[in-house]
Amino acid sequence: MPHTVTWFDRLRVERLVWSLDQRLYELPRRTRIAHRREVRANLLAAAAEVGAGEALRRLGSAHELAAQYLDAELGEGARHSWTAAALFALTTPLVLNFFLSEAANAYEQALTATGTHADGSYTWGGVTWLQSPLTFRLHEGQATHVGGAWTPLVYVLLLAGTVACGRLWRARPGRRNQRRAESTRDGLAP
């Protein structure tokens, strides 16, 4: 007995399709769109046949379906995460700049804490391995400083941390093609 697919049924289907799409961001855009269209068409056809509620129950959750799609496309196990890599690459400089500037401010406060108006130039080595030396100039109790740039080691650590945090070595196209070839050889894919 065919069922009428109402606008409310379409909204329920779209909610599941949207939820699935949000979980498939590790896949290429075209693949994600193809999966989204396929699931939408199948769900609408099933909703017309057995009703939207039953069609959604039979399909299961978007989380489980997304896990199946990701395992089929990228293989099982840990995968790369562009989100984790971007989060590390964007927040680490902010945190590092905060702590390095706080260290420089602490040294400046130590120089001006005596209350005397000693004039002169003072050099602080900065945070070892992370920061170049800072030169503080005191004039009538006011301090200014120059220096304190990141060292090359910071850039190396930032790059290495981004790759490690996002497990970006798993995103190599050659590795993905190698897994597909192995699964085809084992008879797992057409």
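Helices (H or I, at least four residues) and strands (E, at least two) are DSSP runs, numbered from the N terminus. The model described here is predicted, so local features need pLDDT of at least 70 and side-chain atom pairs count only at pLDDT 80 or more, while totals for chains, interfaces and linings use all residues. Residues are numbered from 1 along each chain as its sequence is written, and side-chain values use heavy atoms, with hydrogens and water left out.

A nonpolar core is a set of buried Ala, Val, Leu, Ile, Met, Phe, Trp, Tyr and Cys residues joined through side-chain atoms within 4.5 Å, where buried means under 20% relative accessible area, exposed over 50%, and partly exposed in between (1.4 Å probe, protein chains only). The largest such core has 17 residues, and those touching the most other members are Leu16, Leu20, Leu24, Val39, Leu43 and Tyr69. Two or more residues each come from helix H1 (7-23), helix H2 (29-50), helix H3 (52-59) and helix H4 (62-74), with H4 giving the most, six residues. Leaving aside neighbours within four places in sequence, tyrosine 69 is in contact (heavy atoms within 4.5 Å) with Leu20, Leu24, His35, Glu38 and Val39. A second, separate core of seven residues includes Leu111, Trp124, Leu138 and Ala143.

H1 and H2 pack at an angle of about 155°, with their axes 10 Å apart; axes are lines fitted to C-alpha atoms, for helices over the stretch in contact, and angles run from 0 to 180 degrees between N-to-C directions. That makes H1 roughly antiparallel to H2. The contact involves residues of H1 including Leu16 and Leu20, and residues of H2 including Val39 and Leu43.

Turning to the strands, an open sheet of three has the order S1-S2-S3 with antiparallel pairing, two strands being paired if DSSP finds at least two bridges between them. Strand S1 (120-124) and strand S3 (142-147) stand at the edges, each with a single partner strand, so one side of each lacks a neighbour in the sheet. Six bridges join strand S2 (residues 134-139) to S3, and threonine 135 has valine 146 in S3 as its bridge partner. Helix H5 (residues 82-112) lies across S1, S2 and S3, running at about 35° to S2.

In the loop between S1 and S2 is tryptophan 129, which has a positive phi of about 75° although it is not a glycine. Tryptophan 129 counts as exposed, at 65% relative accessibility.

Note on methods. Parallel < 35°, antiparallel > 145°, perpendicular 65-115°, else oblique.
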